[in-house]
Amino acid sequence: MFKKIFNFKEYNFRHYHMSILLAAFLLSFIGLTIIEVVQEPEDRLYEKQIIGLVIGLIAAFCVSLADYHFVCKFYVLFYIINMGLLLYTKFRGKSYHQAKRWIMIGGDNGITLMPSELTKVFLILFIAAMFVHFYKKIDKFYFLVIMCILVAPPLYLVMEQPDLSTTIVMLAMFAGMVFLSGITYKIIIPVLAVAIPACIALWWYIQQDFQFLLHQYQQDRILAIKNPELYPDLMYQQNNAAIAIHSGGLAGKMMADSTGITWKCKGLAAIESDFIYTAFAEAYGFIGCCVVIGLLAYFVFRAFQTARHARDYLGMLIAGGIGTLIGSQTFIHICVNTSLFPNTGIPLPYASSGLSSLLGNYLMVGLLLNVGLQTKKKEKEEDLVSL
């Protein structure tokens, strides 16, 4: 069993990509410097984030040594556990600001877990394993329909929490993995021909008074971003974010005399998580934002590079799914902070406060490192697509 889990004979430790881990760690470290400044002392977010970072690094190291082929043998179990956690959240979860996204472990004074962050990891493994097991059927339209049906329940449960932003990120990840799977263009082109007009029609529909897909506050946020002058209360958060970003200037305020600093970002809700990019901009200025974006872009680039050089089809899908997810989540977070997208709460990968988010993100680092450890070699198709 030990040799199956830790398949050291197949590992090439010269390809243990420490730069991926370093990029994630630097983002977390920069995030810590911000969280320490903006937190309320009684919340102890800084101390909790350090603990989360240590746990995340340990988890990443352990997962990096566990053969992803062995891990993916349990893809059905992962799906069941994921559905169980999401259903428990729906019926017994903890509510905060009209959202029910958390479960308590160990009572009211215990650990708060956000299952949707683990859903991202579980779905990547499940989707990758499904494409591997049914590799010879991926060019069949009915298989794509089946995959959509299987992915729909966890996405629906996340959306119902409600957590629209995470749902959109996972949809983008699923679409990216479908494209990377090598599915024939005879399916992709007709699907796009239907999907693009459908998305345009959906965008029109969710803005109408009679729509029922979104909660009222979600629809109002969409209308606010289109007509900000009509919804000053709903644009308050993003308008203040713009003021804070502008006040950061070129180099930010972090290096200035601390006694004379007025932190405009402190008036924002969820500044330590959903609006941490705004805090980066005020603290470190344009230069700091470029560093943060550069680190995240580098991480995504190395994820896709790992996918390109993966030993097999399974590894390629896992690494590609991670790259798509982190890239799309980063894009949405920054667009929300800069008023390009409607206000929707989503953390910046590796930087935002949140133990569940950190754990999920570092589990993905571990998976990337393990895929990179197993170098590509010539194999038969049957070997490439087997677990």
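What follows is a walk through that loop and the parts around it.

A: Happy to! Please keep in mind that this is a predicted model. The loop in question runs between helix H13 (313-337) and helix H14 (355-373).

Start with the backbone. Most residues other than glycine have a negative phi, and most peptide bonds are trans. Ser 339 has a phi near 65°, a positive value in a residue other than glycine. Tyr 350 is not a glycine either, yet its phi is positive at about 70°. Their surroundings can be told apart by accessibility. Ser 339 counts as partly exposed because its relative accessibility is 26%, and the band for that class lies between 20% and 50%. Tyr 350 counts as buried because its relative accessibility is 0%.

Now for the side chain of Tyr 350. A pair of aromatic rings is described by the distance of the centres and the angle of the planes. Phe 299 and Tyr 350 make a tilted aromatic pair, with 5.1 Å from centre to centre and 50° between the planes. This pair links distant parts of the chain, since Phe 299 belongs to helix H12 (residues 276-308) and the two residues are 51 apart. Both Phe 299 and Tyr 350 are buried. By the pairing rule, the model has 14 aromatic pairs.

Leaving aside residues up to four places away in sequence, Ile 318 touches Tyr 68, Cys 72, Ile 124, Leu 125, Ala 128, Leu 367 and Val 371. H6 itself is mostly covered, with 18 of its 19 residues buried. From its first C-alpha to its last, H6 reaches 26 Å, close to the 27 Å expected at 1.5 Å a residue.

One more backbone feature is worth a visit, in another loop. A cis peptide bond joins Gln 161 and Pro 162, with omega about -10°. Pro 162 sits in the loop between helix H7 (141-159) and helix H8 (164-180).

Definitions and conventions:
Residues are numbered from 1 along each chain as its sequence is written. This is a predicted model: local features need pLDDT of at least 70, side-chain atom pairs count only at pLDDT 80 or more; totals for chains, interfaces and linings use all residues. Side-chain values use heavy atoms; hydrogens and water are left out. Contact means heavy atoms within 4.5 Å. Helices (H or I, at least four residues) and strands (E, at least two) are DSSP runs, numbered from the N terminus. The expected span of a helix is 1.5 Å times one less than its number of residues. Buried means under 20% relative accessible area, exposed over 50%, partly exposed in between (1.4 Å probe, protein chains only). Rings of Phe, Tyr and Trp (its six-membered ring) pair if their centres lie within 6.5 Å; planes under 30 degrees apart count as stacked, over 60 as edge-to-face and the rest as tilted.
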